[in-house]
Amino acid sequence: VLSEEAWVSEDVLVRSGEAEFWVRVADAGGPGTIGLGKALSFEGVRKTVEEIGVQLSAAWDRVKPHEAVVEFGLTLTAKSGMLTGLVVDGEGETSFKITLTWSGAGPERR
Amino acid sequence: MGGQVDSRELRRHVVRVDTNDGEPLGTGFFIAPGWVLTCAHVVAGAEGVRIVPAEGGCPVPGAVAARSAPHLSGRSAFWPFPDLALISTTLTDHPCVLLDPRSPLGGECHAWGYSEREDGVAPTGSPASFLFEGVEGDDYLKLKAGQAAPGLSGAPLVCPSRRAVVGVMTMTRDKRDARGGWASPISALVTGGPGIPDDLAELGSEIRRTNRAAVLRDRASWHRVLPVQGSDDVLRKPWGDFHKTRRPDPADLLLPGFGVVPYLLRDADLTAAIAWCESAETLALSVVSGRGGAGKTRFAVELCRWMEHPDRG
């Protein structure tokens, strides 16, 4: 988890299926590959989100809340030449905000 | 030791690696007839690319024949060592760089590749120079005091003291600053080692043998990349056109250096000697024997003239 002030941002072209769009990625300025800025795939970001979802839903399966709300900040990086997500601090707060709610009826009955 | 690198001569060995759609990916260079070396992250997952020689000529298709492992997810921007890929092409009429698996000897190293000069403007090719700091724990060569800008990946790193290419540019320490970067050592390609896929190591050691032969066959071409200062003046060239002086000696006409009489009837010997000069042997001896006055000096003069300007014949 990086603090946002340390970043220099950079715009990169992303290609996903037929769509192309620019994404502002975090670049802390340090080491990186030096291939040319070709259009990147969005796959790495999707994988990051999927992995977070899979891990959290495993937790929910165990504690069985009626409702779960997760907020997390994701900043993108392309330092390895591929676009991936970085879980980040949002304005100095924690990276994850998770709210689990159980109604008074108990977890097993709905 | 050490010295300068002639950018114009070095770039004859360099290519731009493009996608099949013509989008630039990075740099590469010729290491054997029909073979281009670049970084694994330049070709990434592509099977086919387009090779654009720096000296012009039509772009040709290239097939990625072997590559090291892809990037692992995680925080490190480094691709698994050695981050190299071999591309085969149909181009064979090109000079090859001399590869040296040893580390740079220190001092300044030079690269030439398609690094971006300005944001968003297609690179035309640029030189870069770095100071060699040493070898990392994972064997990457660490460089400082030079800018490794995007596009330089896959560029040859020449060590003037070794008079050879010792590495392949892979990483920067900072894209926007002259902090240096990292290069993958040639030893990873030609001697193999842990983490280097078998097909890459096999092709690498095979290519190394071809590399040496290809460079030695055309050694003058590689020597031009690393000119030796004053080399043109080191050897006395005791030949020239005959100029008639006020009181010429008739024997002057016979002096071999003047070459007054056209050189004839020795074509076969001369051709054999030229082939000897151009052979791929690292060290070879040839003896020219004959009685005094048989024409040994004239033969040597004619051979030197031809080797200096083969185009004039």
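Visitor: How many residue pairs are in polar contact across the interface of chain B and chain A?

Guide: A polar contact is read from N or O atoms within 3.5 Å of each other. By that rule, six residue pairs are in polar contact between chain B and chain A, both residues of each pair being at pLDDT 80 or more. The confidence limit applies because this is a predicted model.

Visitor: Which elements of chain B give two or more residues to the side that touches chain A?

Guide: They are the strands β2 (24-32) and β11 (164-172), together with the helix α2 (40-43). By residue class, this side of chain B comprises 14 nonpolar, eight polar and seven charged residues.

Visitor: With charged residues present on that side, how many salt bridges are counted between the two chains?

Guide: The count between chain B and chain A is zero.

Visitor: How many residues are in contact, and what area is buried between the chains?

Guide: The contact involves 29 residues of chain B and 21 residues of chain A. About 1900 Å² is buried between the two chains, and carbon and sulfur atoms give 57% of that area. On the side of chain B, 26% of the area buried against chain A comes from B:R75, B:K175 and B:R176, more than any other three residues supply.

Visitor: Let us turn to chain B as a whole. What does its overall description contain?

Guide: Chain B has eight helices and 12 strands, and its C-alpha trace spans about 85 × 35 × 35 Å along the principal axes. Of its 313 residues, 43% are buried. Sequence separation is a further guide to the fold: among contacts between residues at least 6 apart in sequence, 65% join residues at least 24 apart.

Visitor: Which residues does B:R67 contact beyond its neighbours within four places in sequence?

Guide: B:R67 is found in strand β5 of chain B. Beyond those neighbours, B:R67 is in contact with B:V43, B:A44, B:G45, B:A46, B:E47, B:L84, B:A85, B:P197 and B:L200.

Visitor: Why does B:D83 count as buried, and why does A:K64 count as partly exposed?

Guide: B:D83 counts as buried because its relative accessibility is 0%, and the limit for that class is under 20%. A:K64 counts as partly exposed because its relative accessibility is 38%. A:K64 is not a glycine, yet has a positive phi of about 45°, and is found in the loop between α1 (43-63) and β5 (67-77) of chain A.

Visitor: Finally, how does the reach of helix α8 of chain B relate to the expected value?

Guide: Helix α8 (residues 296-308) has 13 residues and reaches 18 Å from its first C-alpha to its last, close to the 18 Å expected. Its buried residues are B:R298, B:F299, B:V301, B:E302 and B:L303, and what covers them includes α7 (267-277) of chain B.

Conventions:
Residues numbered from 1 in each chain as written. Chains lettered and ligands numbered in written order. Predicted model: local features only at pLDDT ≥ 70, side-chain atom pairs only at ≥ 80, totals over all residues. Heavy atoms only, no water. Helix = DSSP H or I, 4+ residues; strand = E, 2+ residues; numbered from the N terminus. Expected span 1.5 Å × (residues − 1). Buried < 20%, exposed > 50% of the residue type's maximum accessible area, 1.4 Å probe, protein only. Contact = heavy atoms within 4.5 Å. Buried area = accessible area lost by both parts, 1.4 Å probe. Salt bridge = Lys/Arg side-chain N within 4 Å of Asp/Glu carboxyl O. Polar contact = N/O pair within 3.5 Å; in protein donor to acceptor, adjacent residues only side chain to side chain. Nonpolar A, V, L, I, M, F, W, Y, C, P; charged D, E, K, R; others polar.
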